[in-house]
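Subject: Structure for you to look at

Hello,

Here is the structure I promised to send over.

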Amino acid sequence: HSEREAAAVVAREDADCAPGTRAAAAEFGLDFLSLGWEAFDLALPREILFRRLFQDLLAACASPSARTLAQRLGGYDLAPLGKIIGLD
């Protein structure tokens, strides 16, 4: 089941609480209690980093429309987007 389905169950008052995202809770007009943060990191070979398709992906995620959506949904931090951490 999805977090939207979980939020719907709470909104129908068939449950008191359910795990999910802030965005799903907001969509259903529910309160949200953050239990923690989860980072989304990509590990990839160095030669992939500078390929056009990957750079296009980073640009799309950093676009004003993506940042506006993240802000509207709430709970997303795009500040570290594209930060490179080398292992050597």
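Below are my notes, going from the whole chain down to single residues.

Some ground rules before the details. This is a predicted model, in which local features need pLDDT of at least 70 and side-chain atom pairs count only at pLDDT 80 or more, while totals for chains, interfaces and linings use all residues. Residues are numbered from 1 along each chain as its sequence is written, and side-chain values use heavy atoms, with hydrogens and water left out.

**The chain as a whole**

The protein chain has 5 helices and 0 strands, and its elements follow the order α-α-α-α-α from the N terminus. Helices here are DSSP runs of H or I with at least four residues, strands are runs of E with at least two, and numbering starts at the N terminus. The C-alpha trace spans about 50 × 30 × 20 Å along its principal axes. Its radius of gyration is 17 Å, whereas a compact globule of 88 residues would come out near 12 Å; that value is taken over C-alpha atoms, and the globule rule is 2.2 Å times the number of residues to the power 0.38.

Of the 88 residues, 15% are buried. Buried means under 20% relative accessible area, exposed means over 50%, and partly exposed lies in between (1.4 Å probe, protein chains only). Among contacts with a separation of 6 or more, 19% join residues 24 or more positions apart, a contact being heavy atoms within 4.5 Å.

UniProt lists residues 2-61 as "domain: PBP" in an unreviewed entry. Its positions are given in the numbering used here, feature names are shortened, and annotations may be inferred rather than shown by experiment. In the model, that span is 48% helix and 0% strand, with its end C-alpha atoms 23 Å apart.

The buried residues of α1 are Ala6, Ala7, Ala8 and Val10, and α2 is part of what covers them. Just after α1, Glu13 has a positive phi of about 65°.

**Salt bridges**

There are 3 salt bridges in the structure, each a side-chain nitrogen of Lys or Arg within 4 Å of a carboxyl oxygen of Asp or Glu. Side chains of opposite charge can pair when their charged atoms come close.

- Glu27 and Arg4 pair at 2.5 Å, N to O. This pair links distant parts of the chain, with Glu27 in helix α2 (residues 22-27) and Arg4 in helix α1 (residues 3-11), 23 residues apart. Glu27 counts as partly exposed because its relative accessible area is 46%, and Arg4 is partly exposed at 47%.
- Arg12 and Asp14 pair at 3.0 Å, N to O, and both residues are exposed.
- Arg52 and Asp56 pair at 3.7 Å, N to O. Both lie in helix α4, 4 residues apart, about one turn of the helix. Arg52 is exposed at 64% relative accessible area, whereas Asp56, at 33%, is partly exposed.

**A nonpolar patch**

Phe40, Leu42, Leu44 and Leu57 form a nonpolar patch on the surface, with about 420 Å² of accessible area together. Patches are made of residues with over 30% relative accessible area and no salt bridge; like charges are joined within 9 Å, and nonpolar side chains (Val, Leu, Ile, Met, Phe, Trp, Tyr) within 5 Å. Areas come from the Shrake-Rupley method with a 1.4 Å probe, and for residues only the protein chains shown count as cover. Leu57 sits in helix α4 (residues 52-62) and is partly exposed, at 41% relative accessibility.

Best wishes
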